[in-house]
Amino acid sequence: MIYRIILLILTIGLISCGDESVPKPKGQLTLEYPNATYSTLKTNCPFTFEVNEFAAVKEKNCSYEIHYPKMKATIYLTHKAVSNNINDLLRDAQKLTYEHVIKADDIVEQPYINNDKKVYGMFYQVGGNAATNAQFYVTDSTKHFMTGSVYFYAKPNFDSILPAADYLKDDMRRIMETIKWK
């Protein structure tokens, strides 16, 4: 009887032994986006700028929504006329950015100055799980003021959206750097 029990235990032990299970290596999500190709967006508004041909553009009263369906993101551009209210417009643009300070890890300001085209502004990089991770404003200080911000249609998780966020930051900078007032 003892012989049978020992034989049964040894048989079960031999059958149950197999290859050691090895944890899977950490995987990296690969998100590939097409190389950006830009063209000038001709508008009836008092400005033009270059936009990525990968995006779909909607315009309403000189405000734009630049949609990136594969990234589930949109860049919103709003144009306002300056009429002795430049300080209010600047304050509102800065206030909009700093409302994200609660969720943001940091906010990096990058001034933009192009004296030849009379375009002056600020680009904001918002780090962390904020609703928007990039915003900007540009103005000529006398007639035109434009703000831009990017929003994703997903719960903010900076690590997950980082590749798309970097891609869209480049597009936002391109808009900022190519804007021409009419």
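This dialogue walks through a few features of one predicted model.

Biologist: What should I know before reading the model?

Modeller: This is a predicted model, in which local features need pLDDT of at least 70, side-chain atom pairs count only at pLDDT 80 or more, and totals for chains, interfaces and linings use all residues. Residues are numbered from 1 along each chain as its sequence is written, and side-chain values use heavy atoms, with hydrogens and water left out.

Biologist: How many disulfides does the structure hold?

Modeller: A disulfide is a pair of cysteine sulfur atoms within 2.5 Å. The structure holds one. Cys 45 is joined to Cys 62, with S to S at 2.2 Å. Cys 45 lies in the loop between β1 (38-41) and β2 (47-52), and Cys 62 in the loop between β3 (56-60) and β4, so the pair ties together parts that are 17 residues apart in sequence. Strands here are DSSP runs of E, at least two residues; helices are runs of H or I, at least four residues; both are numbered from the N terminus.

Biologist: Why is the disulfide of Cys 45 and Cys 62 left-handed?

Modeller: Look at the torsion about the S-S bond. It is about -105 degrees, so the disulfide is left-handed.

Biologist: Are Cys 45 and Cys 62 buried or exposed?

Modeller: Buried means under 20% relative accessible area, exposed over 50%, and partly exposed in between (1.4 Å probe, protein chains only). Both Cys 45 and Cys 62 are buried.

Biologist: Where does His 67 lie?

Modeller: In strand β4, residues 63-68. His 67 counts as buried, at 17% relative accessibility. A polar contact is a pair of N or O atoms within 3.5 Å; within protein, one must be able to donate a hydrogen and the other to accept it, and residues adjacent in sequence count only if both atoms are side-chain atoms. The His 67 side chain makes one with the side chain of Glu 65, at 3.0 Å. Contact means heavy atoms within 4.5 Å. Beyond its neighbours within four places in sequence, His 67 is in contact with residues including Ala 55, Lys 58 and Tyr 153.

Biologist: Which residues other than glycine have a positive phi?

Modeller: Asn 84 is one of them, with phi near 55 degrees. Asn 84 sits in the loop between β5 (73-81) and α2 (86-98). Asn 84 is exposed, at 85% relative accessible area. Ser 141 has phi near 75 degrees. Its loop runs between β8 (134-139) and β9 (144-152). Ser 141 is partly exposed, at 38%.
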